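Biologist: I'd like to learn how to read a model like this one. Can we go through it together?
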Amino acid sequence: MTVSASVTGARTAGDDPGAAASAATAAILADTLHGRERGVVVDSPPGAGKSTLVVRAARELAAAGRPLMIVAQTNAQVDDLVDRLAVADPDLPVGRLHSSDPAAYDAALDRHPAVRASAKIADLAEQAVVVSTAAKWAHVQGGAVAEPWQHAIVDEAYQMRSDALLAVARLFERALFVGDPGQLDPFSQVGTEQWAGLSYDPSASAVSALLAHHPGLPQHRLPVSWRLPASAAPLVSSAFYPYTPFRSGTGPGDRRLAFGVRGDGSAVDRVLDTAADAGWGLLELPARHTPRTDPEAVAAVAAVVHRLLERAGLTADERGTGPAPLTADRVAVGTAHRDQAAAVRTALAGRGVEGVTVDTANRLQGREYDVTVVLHPLSGRPDATAFHLETGRLCVLASRHRHACVVVCRAGVAELLDEHPSAEPVQLGVDVRFPDGWAAQQAVLAELSAHRVPA
Amino acid sequence: MTLLATLARMEAAAAGRARPLATVRHRHLTDRPLVLVPLTTAGEAGAPLGALLGTDPEEPVLLTVAQPRDRDLRFRFLAELADVMLPHLESAQDEVEAVARRSGEEAELCRDAPQLLVPNSGGVAFVRLLGRSMRFRRTAEEDPDTPYPAPARVPLLGRWLTHYGERSRVPGSSLLLAATDLLTRHWATGQSALEDQHLGALLGWLRADGPGGAEAALRAETARDEAGRLLVPPAGPATDPAFDNRVLAPAVARYDAGVFGADVEIRNALAGQLRPTWDAMWEALALLRELPPGERVAGRWEGDRWSYTAHRDRLRAGEPPQPRRDDAVTAARKLAARERDQARLAAQEALDDPLVMAARRLAGEAFSGTVTEVRPAYSTGRRPMPRPLVTLRTDDAPQLGAGTKVWRALADGRAQPGECAELPGPGLVTVRLTGGMGRGKEPAPGSVPEPGEAVCWTLFEHHPRGGPDLPDPEDTPWTHGGPPGEARPEPPDPATEEDLL
């Protein structure tokens, strides 16, 4: 995220998080439906009700009779959004524009009678709302549609690249851009330094290109995270959103995690008890330089997940529906690299654990679980590259959970950070990111060290 | 860096000599490349100090600037540079072949393209800088009022160097290459990537018969004579500070004072700094020529020939020099093309080279093995098409799940698509072929592997396609600032006080 001088919608309405969130939403909808500017930008911290906002804005725009297109970044996001729209408003005619590949969209959408799926935009001309990925929208030819859509909602706009927006922006008149500035920036496999600092740098995020050309657009912020528990919101807010703080929608004690089976005294069980109690747990392995797929760390991650499910966890939350069993589908493992995820999957399969999501930070963006187990991006590394220091990567990994997060890491990360201060070249005209990955890593590490269990 | 590349580095460090990273040459080398070893003046980024260049290892052309801050001498150097380089850069313009475009019309394609080689990535950046500093200059014919008219061919050389510099950013291109990039693509040393930018040190690892690469590299980097000068001068464009202070600066001072023979002294001193790098360049070339070219290298070189031809056509059409900055659409188009070329290069290098493929297999991005069973199967639909199930035994651990798309190279260069149907057991993978079998009800002969056959499937596409069409620059949308406005030739750089002595 960049330092932004004035952010509207951040006024708190007393101490009631619900009221603060409602006030922000009302201001966003007023600007979207009745504002004069062609664009509205909404920054949403993790779990702040971004999807709810998109669904609500879509329904109100449709109710106002404005043809709407929605741009999301992945097919999974599109399917999820279409499903939410159809559940919220079963009569709303929604179009799901998809690619011509086999199984291009989630067949579960077919159960909604008002949802129509097609690979051709002409088939969806009658739908009030049409949803697709940025990549598919870019293939919609100007000639295939009579005139541009009056309105667009661009979801996960901070993960969208500027060049992707360039390819689709001709399709709409006005747009609401929604996204989380703290998550992973878009990237390119090839060098893009020659365009650094240009307002339309094709490798920058869609929002940075938009705001570079239209600095006066209204910018709003959702002030309350409904996902993160009271134990996590202050840390994530101060470490990753130091200039745009947010708070948790729940108070201390509203979320509880307990185990039906007592701990056996092992390090794995003790770190689980710590995490259940404090919301954070750090299982620290002895310092060592290792390959990326560190067998001991991978085994430790698998052991934590295994015991987490074996000990019959029960969760209770502010909804007050009584303790619910913690099942495998409510648990995720996050890693920095795909080969690490593959190694963890293999280790879990070896222990007979099924149904747990194991993925990289990139793929966990936008997802939510009750408990997450994270293999620290710097664990066992001899160096700290820009990739591993990237703020967004750690932010995604540390902000997916509703109850607790267990981090598995080799000792020595603090020393590693001290030896590798951020040394990226400064480019003219490029906003400096605050906080940098180095500072964010230190902040998270400081909090975790209070919940440390040596393996 | 792949795990195999890390291993090769560790082996190189342990053995004291470079280890191969490739079994074939992955870049095109022309028969007569133009080698350019440039030097720049310390503290004056755009002021060339000298250059050794040419196509004959025995007869390099030496160009020097006695006082690098003197604008007239700098222009004279650039004019001489143009006299040597332009005949080479223009040498392939007229030998053309007619090629049918996809649209049906015929187009001219130059049969070859001149190649430019520099020692390191600093040299590539310097070529870009030279291009940037020359292409907006005006000659006296173009503008009689220009305060410092450039010699006639200097702006033209600027446009060529700009084109070569920009092309070198395209992954897999070979118009402008750095020797250190070429060598590190094909061999791993036991030193860091930063140290690999030192051509002399890099060659130390490659020359070593037995252990001793590390010592040779250290000597190349740090050994100095009694006067404190480096024994192996840096490969440019920056010079050795000790040389600057103890040799160059006094000689330039003598030249400024009008001492007779000072210019010859400077010339000889620069020749001594340039010659070792010149010889190292040809040594590096000889090493690279020992590797046979990869099968798909010529195909990528054709892309370079198209690029060369297109630049020739723009010059002949009298178009203005390349703009200082890309507009929004051009930048996005370039990025999309380079990302496609990067994916294509990675795929082609793996297909051309079993050692590169081994690294991809180790990363779980490809798997090879022996076919154990082939079961005929058909698609369900109005017209059933063959979708045979091929099971193979592999020792690799690909990152596969049901439905993962895979490809394999057919003998004719096409890629046969398939998808992972199931993983029937440890070390077994069943692939459903989904194409590349002709249009008939039965697969075309030879299009389905037989039991016992060794096959290699990749999880990456062999012919990655580019993204969607972007709008034309005049249709740039409001989110990106709208159309860039009327295109007009950019004015030359204004003269500033710092430019003048």
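Biologist: How many salt bridges does the rule find across the interface of chain B and chain A?

Modeller: A salt bridge is a side-chain nitrogen of Lys or Arg within 4 Å of a carboxyl oxygen of Asp or Glu. Here the rule finds two across that interface. In one of them, Glu339(B) pairs with Arg161(A), with the closest N and O atoms 2.7 Å apart. Helix α11 (residues 328-352) of chain B gives the most to the side of chain B that touches chain A, with nine residues; helices here are DSSP runs (H or I, at least four residues), numbered from the N terminus.

Biologist: What should I know about where these values come from?

Modeller: This is a predicted model, where local features need pLDDT of at least 70, side-chain atom pairs count only at pLDDT 80 or more, and totals for chains, interfaces and linings use all residues. Side-chain values use heavy atoms, without hydrogens and water, residues are numbered from 1 along each chain, and chains are lettered from A in the order written.

Biologist: What ipTM and pTM does the predictor give the complex?

Modeller: The ipTM is 0.87 and the pTM 0.90.

Biologist: How much area is buried between chain B and chain A?

Modeller: The size of an interface is often given as the accessible area lost when the parts come together. Buried area is that loss (1.4 Å probe), summed over both parts. Here the figure is about 2,500 Å², with carbon and sulfur atoms giving 66%. In chain B, Leu335(B), Trp478(B) and His480(B) lose the most area to chain A, together 31% of what that side buries.

Notes: Buried area = accessible area lost by both parts, 1.4 Å probe. Helix = DSSP H or I, 4+ residues; strand = E, 2+ residues; numbered from the N terminus.
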